[in-house]
Amino acid sequence: MHAFVIEGGRRLEGRLRINGSKNAALPILAASLLTDQPVTLRDVPDLADIRNMLGLLAELGCPHSKRDDGGLALRVTNHSSSHARYDVVRTMRASISVLGPLLARRGVARVSMPGGCAIGDRPVDLHLRGLAALGASISLDQGDIVARAPAGGLRGATVFMGGPFGSTVLGTANILCAATMARGETIIESAACEPEVVDLARMLTAMGARIEGAGSPRIVVRGVDQLGGVEHTVMPDRIEAGTLMCAAAITNGDVTLENCPIDTMIAAVDRLACAGVSVRPASPTEDRLRATVRVTAGRYLAPIEITTQPHPGFPTDLQAQMMALLTLAEGNSVVTEKIFPDRFLHVAEMARMGARMFRQGPTVVISGVRKLRGAPVMASDLRASASLVIAGLAAEGTTTVNRVYHLDRGYERFEERLNALGARVERVGDRTLAPNQPAGSEA
Ligand code: EPU
């Protein structure tokens, strides 16, 4: 198990290209199960979660190979297993994304029911209700969800995806995939509007699916008999981009990000601007999904309010990183988490670095301090770990962020990328933790 040792206080400067999006790539990889034709994907990031998904797809009869040009080639060669086992699902919740594609293509799916995780309960009731509305019978056997399509296959229906915390991103992806080959028309109401759903719809459309309205709360799908092969480039990762923006800002840096999906980051850029961080196009661009932007920040940071919301609101996946930044703002900031109300594992750890935070339920008040001080810290989820790295970049002295396997699930060679911008982050063997710590599965 590895840890990061960070020497804080170095200004970040330079240029980086944003990687392909983890959360777009995961359901897109699962959608490869929808066809027997070749699927080629570009810009799939090299991450622990992606390797887990590729392992699961291989078990489901869809092996992959790396192409010379860096693309990933996948093709279904065997339909005999439709079982996503407990051992796989417990290391990665996004395994649930194979449910819709398996059901649509093979008429049956057996997927271990994901449990809770570090950021909350994470039920999948909306996924199951949606599939049931398309005619699937759903039961639970030995902790596995068993879904079966009726004789004659899934049939189109109106499916409502709204829950107590808004829509569901992977639930929408599952129903979208299932509906592509259902008989007739499916209307997904209260669909997730996240850009990752739009990217999936783009891929499915290129495979021959008939989809309208992706990116809006009402998606209409007209079922087709079969889907073909596809070549698709995964959208850039807006959460990696936002994380690097926070890292640049907290070090008063000057960082240019290429391949930045700025069009999907309006809420984040708005909040950064209110805090005094400038995010501007570095060159004229037609493609606002792959723009080049320059991030600069002076020493003064203003306190702000943030409420996380479904897209296009401020993303929960950037809440922790923004909070790290606000620990150094001049005044009181207020952060309210409306998607995962307990997603605050970073709060107690940042307090170890001198941050002043007061939590009341889903709201945290952050009283800015003049400086953070390095300390050994750890967090058991991906974005909380990223926020501790950001805090460590600005802290006086040495910060050791333990258990960086959480970080490796969502950030490709994060320390190398930060070091390329002038940070001093060293990956070392974990000094403090016993082996066999259970792997996290919050994404
Ligand atoms: N919810 C339900 N019932 C359901 C599904 C979800 O009540 O059937 C609730 C959840 O408990 C939560 C809210 O709805 O309160 C939204 O959850 P959602 O289903 O949208 O989350 P997800 O699809 O499982 C994806 C990302 C998460 C990201 C959330 C929210 C992937 C692989 N994961 O999860 O990413 O936080 O959407 O935007 O796309 C991360 O990358 O660090 C991460 C956790």
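**A walk from a cis proline to the ligand**

Let's start in the loop between strand 18 (305–307) and helix 10 (319–326), where Pro-312 is found. In this predicted model, the peptide bond leading from His-311 into Pro-312 is cis, and its omega is near 10°. Asp-43 is not a glycine, yet its phi is positive, near 60°. Both features are worth a look because most residues other than glycine have a negative phi, and most peptide bonds are trans.

Now turn to the ligand, which sits in the largest pocket. Around the ligand are 25 residues, and the closest are Leu-126, Thr-168, Asp-317, Ile-339 and Arg-383. Sorted by class, this shell holds 13 nonpolar, five polar and seven charged residues. Domain 1 (3–19 + 236–432) and domain 2 (22–233) each give at least three residues to the shell.

Which atoms of the protein meet oxygen atoms of the ligand? Arg-383 places a polar side-chain atom 2.7 Å from a ligand oxygen, and Arg-343 has a polar side-chain atom 3.2 Å from an oxygen of the ligand. Pro-123 takes part through its backbone, with an N or O atom 3.3 Å from a ligand oxygen. Taken as a whole, the protein covers 93% of the 830 Å² of accessible area that the ligand has on its own.

Notes:
Residues numbered from 1 in each chain as written. Predicted model: local features only at pLDDT ≥ 70, side-chain atom pairs only at ≥ 80, totals over all residues. Heavy atoms only, no water. Near = heavy atom within 4 Å. Polar contact = N/O pair within 3.5 Å; in protein donor to acceptor, adjacent residues only side chain to side chain. Areas by Shrake-Rupley, 256 points an atom, 1.4 Å probe, with all protein chains shown as cover. 1 Å grid on protein atoms, 1.4 Å probe; cavity = no way out; pocket = protein on both sides within 12 Å on 5 of 7 lines; lining within 4 Å. Sits in = over half its atoms within 2 Å of the grid points. Nonpolar A, V, L, I, M, F, W, Y, C, P; charged D, E, K, R; others polar. Domains from an automatic or database assignment. Helix = DSSP H or I, 4+ residues; strand = E, 2+ residues; numbered from the N terminus.
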